[in-house]
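Please look over the fold shown here. The report below picks out a few local features.

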Amino acid sequence: MAKRKKDDDYRAFQAAWTEEFAFVERAGSARGTAGKGHVRSYSGECRRVSSNYVCGPSKEALCAQTCGQEFGEVMSLVIRVVNFIVARDLNDRQFKALLEEVGNHYPGLLLHSNVRWLSRGKVLSRFAACLSEIRTFLEMKGVKHPELDNTDWLLQFHYLVDITGHLNQLNVKMQGIGNTISSLQQAAFAFESKLEVFLRDIETGRLLHFERLQQFRDACLASDSTQHLDLLQLAGFTSNLLQSFKARFGEFRARTGLFKFITHPHECAVDKIDLTCIPWVSIGDFELEVADLKASDMWMSKFKSLNGELESLTRQRAELAREHKWTEMTNLQPEDQLILKTWNELPVTYHTMQRVSIAVLTMFGSTYACEQSFSHMRNIKTNLRSRLTDGSLNACMKLNLTTYEPDYKAISKTMQHQKLH
């Protein structure tokens, strides 16, 4: 009965936390507009969140909501042009032939998909790389889009290419199984600091972090040195994006002590750890156990060794990412398993602290694992499996999602073999 009560508490906590703090990473709108599509989808994802903060940002929806109607129109035109070229077989073949003829190394344009997290940034980047060929092709087809030659539109377009590229880098850091909510929080806070750098970069006109925008600016000034480009408008958009991040992650800053506790319990002040989101934990028992843990050199050495292992894991990930060895990266031990292993090695006298650490580790910091599970379920539930029951589906999902590797030799030794007669 006690175990069932504890399981019910964990399930209730997980449901509440998912509503309050889950990172929302899916795209906002398939149409790419910053109007009703994005706002409606974004508010649909976060409608249950309090007004003081919003779940971690859906990068496309947040960017479109912050940047306003102008950038929505930019993205809308890009998608219309891409659909005109790629969605028609004849146009697609002719455009690819044109790219090959002029020596462009890209095989063609990319279609936008709202269910692919990095789609918007990749579509914009490819569109920018093939912009001159796109103009030539549309002129051959007699299709007129005067915005493609408009300086103000192109200024916003190249800014959007660069800023979505930076947002894609943030999104990649938030993907993957085994990331703790603490590491995701650090990635979001680091991006806030980067936005401040981007803002100063635009205000000073250096554009060191906006490669496409800098190339466009230099090309415009080379053709007409008296031409004025409104970079302050882009600085205003960047400032709005920064303020949106700070507003949405305001509550996370109040939980920083709790998130840090799972890896640095010896450095955290008890009075700065807010346990109100874990109602079934006794605060009095927690404070006493923390005092006992800090006084024990033996158990404190466990967490010092843990931080050494986490540092080594971070270095390995950085080296593999630099060499684009993504498959090898998946073979590394997940961060949360290292942390959980350390907490499980503590004796039962620290059971309250263990419950806090497990609660933090089970917080949904990313929807990546959930969406990956839906992908597995879609592959399992095909039209050819007409007799698929809930039980067999549950078993298939466990086989797809588990990281457990059974020892088949040891299992076979415990079984009675069929002897030949």
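## Model

This is a predicted model.

## Helix α7

Helix α7 spans residues 131–141. Its buried residues are Leu 131, Glu 133, Ile 134, Phe 137 and Leu 138. Viewed down the axis of α7, these buried residues fall within an arc of 155 degrees, so they line one face of the helix. An α-helix has 3.6 residues a turn, so residues three or four places apart point the same way.

The other side of α7 has exposed residues, Glu 139 and Met 140. Just after α7 comes Gly 142, with a positive phi of about 75 degrees.

## Ile 134 and the core

The largest nonpolar core has 94 residues. Within that core, Ile 134 and Leu 258 touch the most other members. Ile 134 is also one of the buried residues of α7.

Which residues is Ile 134 in contact with, leaving aside neighbours within four places in sequence? They are Val 81, Ile 85, Phe 95, Leu 109, Phe 127 and Leu 148.

## Gln 354 in α18

Helix α18 covers residues 351–361 and contains Gln 354. Gln 354 is buried, and its relative accessible area is 15%. The cut-off for buried is under 20%.

Residues up to four places away in sequence are not counted here: Gln 354 touches Trp 343, Asn 344, Leu 346 and Pro 347.

## Cysteines

The structure holds zero disulfides. Cys 220 counts as buried, at 9% relative accessibility. Cys 277 counts as buried too, at 14%.

Note on methods. Residues numbered from 1 in each chain as written. Predicted model: local features only at pLDDT ≥ 70, side-chain atom pairs only at ≥ 80, totals over all residues. Heavy atoms only, no water. Buried < 20%, exposed > 50% of the residue type's maximum accessible area, 1.4 Å probe, protein only. Helix = DSSP H or I, 4+ residues; strand = E, 2+ residues; numbered from the N terminus. Arc of directions from axis to C-beta. Contact = heavy atoms within 4.5 Å. Core = buried A, V, L, I, M, F, W, Y, C linked by side-chain atoms within 4.5 Å. Disulfide = S-S within 2.5 Å.
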